[in-house]
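Please read them with the coordinates open beside you.

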Amino acid sequence: MNQQTWNARQYQDKASFVADLGTPVLELLNPQPHEAILDLGCGDGALTEKIAQIASRVVGIDSSPSMVRAALEKGLHAELMSGADITYRNAFDAAFSNAALHWINDAAAVIKGVFNALKPQGRFVGEFGGHDNIATLVQAMGTVVAQHPEMGPFTNPWFFPRAEEYQQLLERNGFRVDYCELIPRPTPLRSGVREWLKIFANHVIADLPEGGEELFL
């Protein structure tokens, strides 16, 4: 099965709600004017831009070339880099991430990379999908793929841990956890499930017959 790919324009048109829902996480970050901040999984830079209005230095990283280009077009400092392969060391006062960490199955590698990128006493504020997120859709994808052997095996691309599981990972890799909670957040899909599948599950849709997303509906 194909890997997930991103189209920044499509994302801006149909999935802007992701950044909108990240506003409370920004409040938790509480960026300060003197700070250097890393935005992990910055996407098109919608939230990076808000941080940059306050903090003295902001660097966004993302593994999607399309997203990085979109962030650069906003005049932001953005680099093509996977969250599992962060190369910074002792460079940031804080690290921020919204709706990105569930895309990286090697959670320990991400946490180690963030820890190393932070200065002593640096903080990590992140939000991502937790246990049972989109469970119905994941089950439907597995069922459809099983019915189409030509697609190959279905591998769940997402990491949706329980809060206590993720807290343990953080603590094992050097962090002191002040707050870690699973928060129910039902989210209406304004563009419908079909568009959601095209944006967030194109690694599955690409292997289906023409119009195959309808098999999920």
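1. Glutamine 121 is found in strand β5, where strands (E, at least two residues) and helices (H or I, at least four) are DSSP runs numbered from the N terminus. Glutamine 121 has a positive phi of about 70° although it is not a glycine, whereas most residues other than glycine have a negative phi. The residue is exposed, with a relative accessible area of 78%; here exposed means over 50% relative accessible area, buried under 20%, and partly exposed in between, with a 1.4 Å probe and protein chains only.

2. On provenance, this is a predicted model, in which local features need pLDDT of at least 70 and side-chain atom pairs count only at pLDDT 80 or more, while totals for chains, interfaces and linings use all residues. Residues are numbered from 1 along each chain as its sequence is written, and side-chain values use heavy atoms, with hydrogens and water left out.

3. As for the overall fold, the protein has 10 helices and five strands, and buried residues make up 47% of its 217 residues. Among contacts (heavy atoms within 4.5 Å) between residues at least 6 apart in sequence, 69% join residues at least 24 apart.

4. Helix α6 spans residues 107-117, and its buried residues are Ala107, Val110, Ile111, Gly113, Val114 and Ala117. Seen down the axis of α6, these buried residues fall within an arc of 160°, so they line one face of the helix; the arc is that of the directions from the helix axis to the C-beta atoms. The elements that cover the buried residues of α6 include β1 (36-40), β4 (92-98), β5 (118-127) and α8 (163-172).

5. Alanine 91 lies in the loop between β3 (78-80) and β4 and is buried, with a relative accessible area of 18%. Leaving aside neighbours within four places in sequence, alanine 91 is in contact with Ala36, Arg57, Ala117, Leu118 and Lys119. Alanine 91 and proline 120 are 29 residues apart in sequence, and their C-alpha atoms are 9.6 Å apart in space.

6. Histidine 102 lies in the loop between β4 and α6 and, at 11% relative accessibility, counts as buried. Its side chain makes a polar contact with the side chain of tryptophan 103 at 3.3 Å; a polar contact is a pair of N or O atoms within 3.5 Å, of which, within protein, one must be able to donate a hydrogen and the other to accept it, and residues adjacent in sequence count only if both atoms are side-chain atoms. Not counting residues up to four places away in sequence, histidine 102 touches Phe128, Gly129, Pro157, Trp158, Phe159 and Phe160.

7. Alanine 70 has its place in helix α5 (residues 65-73) and is buried, with a relative accessible area of 8%. The C-alpha atoms of alanine 70 and glycine 43, which are 27 residues apart along the chain, are separated by 8.0 Å.

8. A last point concerns tyrosine 179, which lies in the loop between α8 and α9 (192-200) and is exposed, with a relative accessible area of 51%.
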